[in-house]
Amino acid sequence: MAEAHQAVAFQFTVTPEGLDFHLSREAVRQLYLAVVHSWKKRLVRAKNSFLTGVYPASPSSWMVVVLATAGSCYCQVDPSLGLIARIQHCLPRSEALTPQARTVVSTVLFSTGTWLAAVLLFRRVLRLLLSYHGWMFEPHGHMSRSTRLWVALMKIMSIRKPLLYSFQSSLPKLPVPPVKATIARYLESVRPLLDDAKYAEMAALAKEFQEKTAPRLQRYLRLKSWWTTNYVSWGQWGPPAACGGWDGDLGIGDQGFGVSWMSRMEHPVQAARAANVVHSILLYRRRLDRGEIPPMMALGVVPMCSYQSERMFNTTRIPGKETDTLLHLADSKHLAVYHKGRYYKVWLYYGGQLLAPADLEMQFQRILDDPSPPQPGEERLAALTAGDRVPWAEARARFFSRGPNKVSLDAIERAAFFLALDEDEHGHDPARPGCLDAYAKSLLHGRCYDRWAPQNTPGPLNLPPAPFMLATDKFKLGYTEGGHCKGDPNQQLGPPQRLQWDIPPEGVAAIEASLRVAQALAKDVDFCCFPFTTFGKGLIKRCRTSPDAFIQIALQLAHFRDKGSFCLTYEASMTRLFREGRTETVRSCTAEATAFVRSMAEPRHGRSERQRLFRTAAEKHQQLYRLAMTGAGIDRHLFCLYLMSRYLGTQSPFLARV
């Protein structure tokens, strides 16, 4: 509301005496600063885009090539083998271009062409280097000569500090696995879960699919992989596989969370803590928008795809009856805040600059001190996003497509991100057993109506900002002795804008129905969280075992001891070694893992035998994980074959069973 008032540079009214014109100098000043800030942002983006486009070269290398070529010509040595003379001959005749100027222009043009050719060559070499994945399959602690040479070349090619998207266009495409290999690994994954009769039936269906239906589907899939960046990319598949193909709830299964430092550091002032955290996140977002953050690197030399990074902010999922759609904005200048059943819109900029932590603290404190009650249906509105997607899509079209409801909903969905100022205090207190359980469930789903579920990002993308935010909050921003943000707030800032709603009784009923669904799902989740200090990943690694494999096998053992059976288990891997790669499934319930688990239940197996079975299971799990990371996974390939069969109208009993 205040920002809207500040944005009005002038106003006029028609009176009987004439035209009454009022000019706000402060508004004009704010408008000028906002324009200057916008152009600075565009220039920084353009500069970084250019640096990304010529990586691993640099503008200084262009200058070196120009000077070297000019020096050679001055010494009467023609490095162009006559091309400079030909370029000079093709230049237009003009009195402004003297013979010396024509020589300089032709030399610069030849040098630029040579430099661009070198850039393309280096990027091609970089793509070939990034296509090598042999390092993943080598024994732990051992490195072959070819891998050592590859590491040395990668370090040479990336000697210049990369930006976020420096490697993006050099990443290889995700390969389409052979159908025969995919089916073989699928049958291997379900063998521990099926009896002999059911396995024989599934094997027969798989054989029929491989011989009759799969070749045609695979041809179309390979064709798709040639003209798309990634054959699994959701957006390229259209509605059936778009990011919102899932029509169930998002409140539990699609949510992730992270916990701040589990330390004794206390923050007595909630508004101050929220202000420092929000300001730190916005500083990270600014670096992300400019592409100034280095890409995630495996082993310090292997870059990962950064395509999804831009969707970390200013992004939400819009529900649909058939499929969700992804709404991503280039920028967002406000924040959506929830407190005690009320929604607010908080502007993040003033005069083209980010609000300081003290300013944000003042705004958040105004929200905390607001005594106004929630409007009808407002308190539990977010339950619509936590329930099933189809009822939310229908309610959105019916109750939130016009009037104040649409304006307020747009303010939430177009926000940089969503902030919930909770009423309950959570944390780790050894004197309170189960406090971490409540903390985890609060972060996971809250009260089922105080978290805006669609405004989330994939788990791995939430990890990079966390260290930056914590370090900035602790070491750069800090707090006063009283626990407030440092600095003095700008008293000219207007209060946060309270969002207005006009929800009819039918809309309130839809909200309550979604809330019941979300609460039932939340009650079905048991979460036991506790600090474990007996040992960590260091001890596991010293035993020459992957910590990931150790945990996955331990999960199989725990589930078998609890249920007396095995079940299909999903572990998320990633394919971000490839361009626009996302995730892949690792089916961790393997025959080797089940053999080890059964040996733990049978006294006839000795310790050495169990250790042997455990190492075999761990090696098998690591093999599957590496295959998934290098594009040879099972589930994404089968999923794409299934979608292709739907597009082509092909029926497959095997794909229907998968």
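This is a predicted model: local features need pLDDT of at least 70, side-chain atom pairs count only at pLDDT 80 or more; totals for chains, interfaces and linings use all residues.
Residues are numbered from 1 along each chain as its sequence is written, and side-chain values use heavy atoms, with hydrogens and water left out.

Q: Why does F535 count as partly exposed?
A: F535 has 31% relative accessibility, so it counts as partly exposed. F532, at 47%, also counts as partly exposed.

Q: Why is the pair of F532 and F535 called edge-to-face?
A: The ring centres of F532 and F535 are 5.2 Å apart and the planes stand at 90°, so the pair is edge-to-face.

Q: Why is the pair of F596 and F614 edge-to-face, and what does it tie together?
A: The centres of F596 and F614 are 5.4 Å apart with planes at 65°, so this pair is edge-to-face. F596 lies in helix α20 (residues 591–601) and F614 in helix α21 (residues 607–629), so the pair ties together parts that are 18 residues apart in sequence. Helices (H or I, at least four residues) and strands (E, at least two) are DSSP runs, numbered from the N terminus. Both F596 and F614 are buried.

Q: What makes strand β8 largely enclosed?
A: In β8 (residues 342–347), five of the six residues are buried, so the rest of the structure largely encloses this strand.

Q: Which strands are joined to β8 by bridges?
A: Two strands pair if DSSP finds at least two bridges between them. Strand β7 (residues 334–339) runs antiparallel to β8 and is joined to it by six bridges; H339 has R342 of β8 as its bridge partner. The hairpin of β7 and β8 has two residues between the strands, and there K340 takes a positive phi near 50°. Strand β12 (residues 497–498) is joined to β8 by two bridges, also antiparallel, with R498 of β12 as the bridge partner of Y344.

Q: Where does R498 lie, and what is its distance from the ring centre of Y344?
A: R498 lies over the face of Y344, at 5.8 Å from the ring centre. A charge sits over a ring if NZ of Lys or CZ of Arg is within 6 Å of the ring centre and within 35 degrees of the ring normal. R42 likewise lies over the face of W39, at 5.0 Å.

Q: Why does T575 count as buried, and which backbone nitrogen does its side chain reach?
A: T575 has 4% relative accessibility, so it counts as buried. T575 is placed in the loop between β13 (570–574) and β14 (583–587), and its side chain reaches the backbone nitrogen of R582 at 3.0 Å.

Q: What is phi of E580, and is E580 buried or exposed?
A: Phi of E580 is near 60°, a positive value in a residue other than glycine. E580 is found in the loop between β13 and β14, and its relative accessible area of 14% makes it buried.

Note on methods:
Rings of Phe, Tyr and Trp (its six-membered ring) pair if their centres lie within 6.5 Å; planes under 30 degrees apart count as stacked, over 60 as edge-to-face and the rest as tilted. Buried means under 20% relative accessible area, exposed over 50%, partly exposed in between (1.4 Å probe, protein chains only). A polar contact is a pair of N or O atoms within 3.5 Å; within protein, one must be able to donate a hydrogen and the other to accept it, and residues adjacent in sequence count only if both atoms are side-chain atoms.
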